[in-house]
Amino acid sequence: MSGPPVPRSRRGVLASASAAADLPTLEESISHCRACPRLVAWREHVAATRRAAYADQVYWGRPVPGFGPTDARIGLLGLAPAAHGGNRTGRIFTGDRSGDVLFAALYRAGLANQPVSTGRDDGLELYHTRVFSAVRCAPPANKPTPQERDNCAPWLHREVALLRPSLRVVVALGQFAWNSWWPTLTAVYGLPAPTPRPRFGHGELWFAGGAPRLLGCYHVSQQNTFTGRLTDAMLDEVLARARQLAGLG
Ligand code: SF4
């Protein structure tokens with residue numbers, strides 16, 4: 001059976017990403033990527049060994065594509081899938097505590113049809129919003145290396161390029177996502193990264209003509225939500241601002 005080419009290097013990622021004419025094709029290509037040996041080994045190890053609570057489940061164990069409408073006005077940019085979340089379910093932010101917080105907030109903001117997200121067949125639909133990550137494979141300790149980040153960047157750049165006609169605002173969930181925007185700005189919009197780089201902060205807004213607004217939000221990680229660094233009210237405020245910047249009122 002033949003399928004899309006399997007990228008095994010950054011050059012392969014670049015070629016496959018550039019060749020994807022639409023988002024469904026891009027999603028399919030991403031899901032076959034093997035360009036980062038350490039992450040391929042990790043995602044497959046986690047899928048084979050599993051967490052006890054999910055011992056009866058078949059893990060996805062592959063790269064996790066973006067999720068949401070292909071004409072989204074709002075992009076939610078995260079770091080990478082979680083080992084027992086997206087890497088288990090095959091959908092970004094789905095099946096972990098971060099996703100529970102995020103999708104409940106999207107529902108309150110009128111950007112999702114339901115507040116829960118448990119698996120790819122759970123009926124979740126997003127409105128005007130697409131969720132994606134800077135790195136598409138779950139990394140050990142949530143820490144991709146600079147080379148893994150760079151290997152994966154062409155997937156992000158192509159996803160943003162394909163969303164470009166509708167995309168009005170990108171919410172960067174955390175510093176890593178915020179930093180990954182600058183190469184995207186250059187690759188997709190042909191704009192130089194600002195110097196010095198604007199600092200990440202919750203509620204920070206950055207804008208250059210011709211590009212979507214960039215809005216900072218603390219990551220929805222348990223580290224932030226359990227400690228109260230990021231509350232539901234703070235998340236609601238950011239999403240309301242994103243709606244407004246996207247022209248959704
Ligand atoms: S992190 Fe990105 S580039 Fe690396 S193997 Fe996964 S999908 Fe491919």
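Predicted model: local features only at pLDDT ≥ 70, side-chain atom pairs only at ≥ 80, totals over all residues.
Biologist: Which residues are in contact with Asn87?

Modeller: Contact means heavy atoms within 4.5 Å. With neighbours within four places in sequence left aside, the contacts of Asn87 include Arg43, Tyr59, Trp60, Arg62, Pro81 and Ala138.

Biologist: What makes Asn151 buried or exposed?

Modeller: The relative accessible area of Asn151 is 7%, so Asn151 is buried. Asn151 lies in helix H6 and touches Arg10, Val13, Ala35 and Cys36, not counting residues up to four places away in sequence.

Biologist: How is His128 classed, and why?

Modeller: His128 has 37% relative accessibility and therefore counts as partly exposed. His128 is located in the loop between H5 and strand E2 (129–133). Its phi is near 60°, a positive value in a residue other than glycine.

Biologist: What is the class of Ala141, and why?

Modeller: Ala141 is exposed, because its relative accessible area is 64%. Ala141 is part of the loop between E2 and H6, and phi of Ala141 is near 55°, again positive in a residue other than glycine.

Biologist: What is found in the loop between H7 and E4?

Modeller: One of the residues there is Arg197. Its relative accessible area is 45%, so Arg197 is partly exposed. The C-alpha atoms of Arg197 and Asn179 are 8.5 Å apart in space, although these residues are 18 apart in sequence. Pro196 is also found in the loop between H7 and strand E4 (205–206), and a cis peptide bond joins Thr195 and Pro196, with omega about -10°.

Biologist: Why is the pair of Trp181 and Tyr189 given its name?

Modeller: A pair of aromatic rings is described by the distance of the centres and the angle of the planes. Rings of Phe, Tyr and Trp (its six-membered ring) pair if their centres lie within 6.5 Å; planes under 30 degrees apart count as stacked, over 60 as edge-to-face and the rest as tilted. The structure holds five aromatic pairs. In the pair of Trp181 and Tyr189 the centres are 6.3 Å apart and the planes are at 45°, so this pair is tilted. Both Trp181 and Tyr189 are buried.

Biologist: Which residues form an aromatic cluster?

Modeller: Trp178, Trp182, Phe200, Trp206 and Tyr218 form one aromatic cluster.

Biologist: Where does the charged end of Arg229 sit?

Modeller: A charge sits over a ring if NZ of Lys or CZ of Arg is within 6 Å of the ring centre and within 35 degrees of the ring normal. The charged end of Arg229 sits over the ring of Tyr218, 3.9 Å from its centre. Likewise, the charged end of Arg88 sits over the ring of Tyr54, at 3.6 Å from the centre.

Biologist: What makes a space a cavity or a pocket?

Modeller: On a 1 Å grid over the protein atoms alone, a cavity is a set of points where a 1.4 Å probe fits but cannot get out, and a pocket is an open set with protein on both sides within 12 Å along at least five of seven lines; lining residues have an atom within 4 Å of a point. Grid points are joined across faces, edges and corners, and a volume is the space filled by probe spheres set on the points. The largest pocket holds about 850 Å³ of space. It is lined by 34 residues, with Ser98, Asn142, His219, Ser221 and Gln222 closest to its centre.

Biologist: How many cavities of 30 Å³ or more are counted?

Modeller: The count is one. The largest cavity holds about 90 Å³ of space, and among its 16 lining residues Cys33, Cys36, Cys137, Cys152 and Trp155 lie nearest its centre.

Conventions: Residues numbered from 1 in each chain as written. Heavy atoms only, no water. Buried < 20%, exposed > 50% of the residue type's maximum accessible area, 1.4 Å probe, protein only. Helix = DSSP H or I, 4+ residues; strand = E, 2+ residues; numbered from the N terminus.
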